[in-house]
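Please look over the two chains below before reading on. The report takes the basis of the numbers, then the interface, then the fold and the backbone.

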Amino acid sequence: MRGLDPIDFFTKQIQRSLLFVLVLLLPTSFIPPVARADDAKWTKIEKLYNTYCVQCHGIERNGTGINSKFMTVQPRDHTDPKEMGKIPDEEIIKAITYGGISVQKSILMPAWGKVLTQQEIYELKDYLRHVCNCGGESK
Amino acid sequence: MKIGYFYFLSLFFYLAANRLIADDGMQILQAQCSSCHAITKPTDNSLERLWTRKGPDLYYAGLKFQKKWLVKWLQQPTIIRPAGEFYFKHIKKTPNGDEIDSSSLSPHPKLSPNEAESVANALMSLKPEGLIIPGKFKNEPVNPSIGAMFFGKLRGCSACHATKEGGGGLSGPELYDAGDRLQGDFIYSFIEDPQKFEPHIWMPKLELAEADLQRLSSYLLSLHRSQQKEGK
C-alpha cells in the first residue's frame with residue numbers, strides 16, 4: 001500500500017483550513033457595509049441618550065425611566081412608531097433644544113440646548129428615528 | 001495689654017490647631033477619598049470621565065457644603081443619590097419599568113468623630129475661584145407653597161429631584177435637607193450653570209429668570225431634615 005505523500009497531505013490541509021475560514025467569514029459578508037457603519041454611528045449618540053435621556057425615557061427607550069413613576073405626565077415612548085411618526089423632525093429638535101413647553105408639551109421635559117451642541121441634537125433626532133423605526137410627518 | 005496678649009495667643013493657637021486638623025484631614029482625603037472623588041479640579045472634562053468616575057467631585061466642596069452637616073454625615077453616611085453615581089450604572093430593566101439596582105450600590109465608608117472633623121475642615125478649605133459670585137444670591141424669604149410649586153409644576157425640577165420621600169425623581173440627589181447640607185450661593189450658582197461645576201452633568205442648564213433662580217434657591221435652602229421628621 002502506497003503511503004501518503006507529505007506534500008499532498010499538507011496541501012490538502014491548507015485547502016481545508018482556507019475553506020473553514022471562508023465558511024466562518026461567509027455570514028459577515030452578508031451584512032451590508034452600511035449597517036455596520038450604522039452601528040458605529042449610533043455608538044456615540046447612544047452614549048448621549050444614555051447619559052441624558054434614559055433617566056426619564058428608560059433603558060428600553062419606551063418612557064419607563066426611573067424618574068417616570070413620579071411624573072404627572074409620562075415621558076414619550078420613543079419606540080412607538082405610530083406616535084413618534086406623527087412628530088415632525090423640526091418638533092423633535094425644538095423639544096430637545098428648548099424643552100417640552102416649547103412644543104406645548106410638559107415642563108418636565110427640560111431644555112437641553114445649553115448642554116448639547118446643535119450637531120448632537122440633530123444626531124439625537126436621527127437616533128430617535130432609528131429607535132422608532134419611523135419617519136416623521138412633515139408640517 | 002495682658003488681656004490683649006492673651007487673646008492674641010488664644011487666636012494663634014486656635015488657628016494653628018485648625019490648620020493642623022485640616023492638614024490631617026487633607027492626608028485622609030488624599031489617602032482614602034481621592035480614588036473615588038476628585039479633590040483637585042479634573043483636567044479631563046470629557047463625557048467619558050463622567051462615566052468612569054466613582055463618586056461626585058469634591059474639588060469645590062468648600063463652596064458647596066455646610067461644615068456641620070459634613071461632620072455629621074461623614075460619621076453616619078446616608079444615601080443622597082438614590083440611584084448612585086452615576087445613575088445609569090445602577091438601574092435595571094423590570095416589567096414595571098426601570099428600577100434602582102440596590103445590589104450595585106456600595107455604602108459610603110464611615111469616619112470616626114475626629115476623622116470626620118479633620119476631613120470636614122479639609123473639605124471646607126477647597127474653594128476654587130470663579131465658580132460662584134458671592135452675594136448674587138439674595139436669600140430672600142419665599143412662601144414654601146410658592147417655592148414648592150415652582151420646584152414642581154412650574155419649572156419641573158421634581159422630575160429628577162425629590163424634596164420629600166416619594167416626592168420626585170431618583171436620578172438627581174435628594175434635596176430633603178438641602179438647607180442643612182448646602183450653601184445658598186452654591187445652590188444658586190449650580191442651578192444657574194451645572195456644567196460649569198461638572199462638565200456634561202445630566203442636569204439641564206435652564207434659562208431661568210433671575211426671580212425664579214432666587215426663588216428656587218431660597219426654597220431649597222429652606223428645606224431641613226427636621227421638617228421631614230415633623231412630616232411637613
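What follows is a short report under plain headings.

## Basis

This is a predicted model: local features need pLDDT of at least 70, side-chain atom pairs count only at pLDDT 80 or more, and totals for chains, interfaces and linings use all residues. Residues are numbered from 1 along each chain as its sequence is written, chains are lettered from A and ligands numbered from 1 in the order written, and side-chain values use heavy atoms, with hydrogens and water left out.

## Interface between chains A and B

Chain A brings 25 residues to the contact and chain B brings 36 residues (contact: heavy atoms within 4.5 Å). The two chains bury about 2,500 Å² between them, with 65% of it on carbon and sulfur atoms. Buried area here is the accessible area (1.4 Å probe) that two parts lose on being put together, summed over both. On the chain A side, A:Ile59, A:Ile66 and A:Phe70 lose the most area to chain B, together 25% of what that side buries.

Between chain A and chain B there are 3 salt bridges (a side-chain nitrogen of Lys or Arg within 4 Å of a carboxyl oxygen of Asp or Glu). One salt bridge pairs the side chains of A:Lys114 and B:Glu207, at 3.3 Å from N to O. By class, the side of chain A that touches chain B has 14 nonpolar, 7 polar and 4 charged residues. Nonpolar covers Ala, Val, Leu, Ile, Met, Phe, Trp, Tyr, Cys and Pro; charged covers Asp, Glu, Lys and Arg; the others, Gly among them, are polar.

## Fold of chain A

Chain A has 5 helices and 0 strands. Helices (H or I, at least four residues) and strands (E, at least two) are DSSP runs, numbered from the N terminus. Of the 139 residues in chain A, 36% are buried. Buried means under 20% relative accessible area, exposed over 50%, and partly exposed in between (1.4 Å probe, protein chains only).

## Backbone details

A cis peptide bond joins B:Glu85 and B:Phe86, with omega about 10 degrees. B:Phe86 sits in the loop between helix 4 (67-75) and strand 1 (91-92) of chain B.

A:Gln104 is not glycine, yet its phi is positive, near 60 degrees. A:Gln104 is in the loop between helix 4 (89-98) and helix 5 (118-132) of chain A. At 69% relative accessibility, A:Gln104 is exposed.

B:His200 also has a positive phi, near 75 degrees. Its loop runs between helix 9 (194-197) and helix 10 (210-221) of chain B. B:His200 is partly exposed, with a relative accessible area of 29%.
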